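Colleague: Could you put the model up so that we can go through it together? I have a few questions about it.
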Amino acid sequence: MNQDTLTLTPNQIQEIVQWREFYVEHEEYKFMGHLYGKYYDNDAKPTSALKTIEGMLAIAKENIEKEKKSNASYARCNMRHRSNRSEYKCQNPKKVPRKMKSWTMDSGTRCACFNIDDAKSMEKELALEIYHKDCDFNANECIVFK
């Protein structure tokens, strides 16, 4: 399988870079040189493809910072997935679970807990969604049957 790295998301690129850093920093793996081709030319200089990857890595780092701030502001929901249903629940009984944008998850969303007033007032700003049309807007828990 030949996966073109330019089709990966910035977050997937970040995961590849973490593996590269593992091998660079590990004592048992010695640097042998650059493999010329897609990422390095014959003089071991970065190609435009590598520069594109490095740009995507910068985006991934920005996304990680955004996600940290989001996690600090809005606690994650407890989620449980079973063969016939998915459950989304906030530990704090005064909060409600909502699907919101995630900057680092490949799905693009995560479950977060909001007090009901914030869930209403920030719905458009944060693109908040109830997990299913049958879930009560004010409920602390949402169960979605498959």
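Colleague: To start with, is strand β4 (residues 109–115) mostly covered or uncovered, and how many of its residues are buried?

Modeller: Strand β4 is mostly covered, with five of its seven residues buried. Buried here means under 20% relative accessible area, exposed means over 50% and partly exposed is in between, with a 1.4 Å probe and protein chains only. Helices (H or I, at least four residues) and strands (E, at least two) are DSSP runs, numbered from the N terminus.

Colleague: Before we go on, what sort of model is this?

Modeller: This is a predicted model, in which local features need pLDDT of at least 70 and side-chain atom pairs count only at pLDDT 80 or more, while totals for chains, interfaces and linings use all residues. Residues are numbered from 1 along each chain as its sequence is written, and side-chain values use heavy atoms, with hydrogens and water left out.

Colleague: What is the mean pLDDT, then, and where is confidence lowest?

Modeller: The mean pLDDT of the protein is 88, and 98% of its residues reach 70 or more, where pLDDT is the predictor's confidence in each residue, from 0 to 100. Confidence is lowest in helix α1 (residues 10–25), at a mean of 86, and highest in β2, at 94. Where pLDDT is low, the predicted coordinates should not be read in detail.

Colleague: Back to β4: in which sense does it pair with β3?

Modeller: β3 and β4 pair in the antiparallel sense, over seven bridges; two strands count as paired if DSSP finds at least two bridges between them. Lys99, which is found in strand β3, has Cys111 as its bridge partner in β4.

Colleague: Why do you call Lys99 partly exposed, and what does it touch?

Modeller: Lys99 counts as partly exposed because its relative accessible area is 22%. Not counting residues up to four places away in sequence, Lys99 touches Thr109, Arg110, Ala127, Leu128, Glu129 and Tyr131, contact meaning heavy atoms within 4.5 Å.

Colleague: And Lys101, where is that one, and which residues does it touch?

Modeller: Lys101 is also placed in strand β3, which covers residues 95–101, and at 41% relative accessibility it counts as partly exposed. Leaving out residues up to four places away in sequence, Lys101 touches Gly108, Thr109, Arg110 and Leu126. The C-alpha atoms of Lys101 and Glu129 are separated by 9.6 Å, with the two residues 28 apart along the chain.

Colleague: What about the other strands, how do β1 and β2 run?

Modeller: Strand β1 (residues 78–81) and strand β2 (residues 85–89) run antiparallel and are joined by four bridges, forming a hairpin with three residues between them. Within that pairing, Met79 stands opposite Tyr88 in β2. β2 also pairs with β5 in the antiparallel sense, over five bridges, and there Lys89 stands opposite Glu141 in β5.

Colleague: Which residues make up the covered face of β5?

Modeller: The covered face of β5 consists of Cys142 and Val144, while Glu141, Ile143 and Phe145 form the uncovered one. In a regular strand the side chains alternate between the two faces of the sheet.

Colleague: Changing topic, what volume does the largest pocket have?

Modeller: The largest pocket has a volume of about 740 Å³. Of the 22 residues that line this pocket, the closest to its centre are Arg20, Val24, His34, Tyr39 and Tyr40. On a 1 Å grid over the protein atoms alone, a pocket is an open set of points where a 1.4 Å probe fits, with protein on both sides within 12 Å along at least five of seven lines, and lining residues have an atom within 4 Å of a point. Grid points are joined across faces, edges and corners, and the volume is the space filled by probe spheres set on the points.

Colleague: Which helix gives the most to the lining?

Modeller: α1 gives the most, with six residues, and α1 and α2 (48–73) each supply at least two.

Colleague: Last one, what is the phi of Ala44, and where does it lie?

Modeller: Ala44 has a positive phi of about 65° although it is not a glycine, and it lies in the loop between α1 and α2. Ala127, in the loop between α3 (116–121) and β5 (141–145), likewise has a positive phi, of about 55°.
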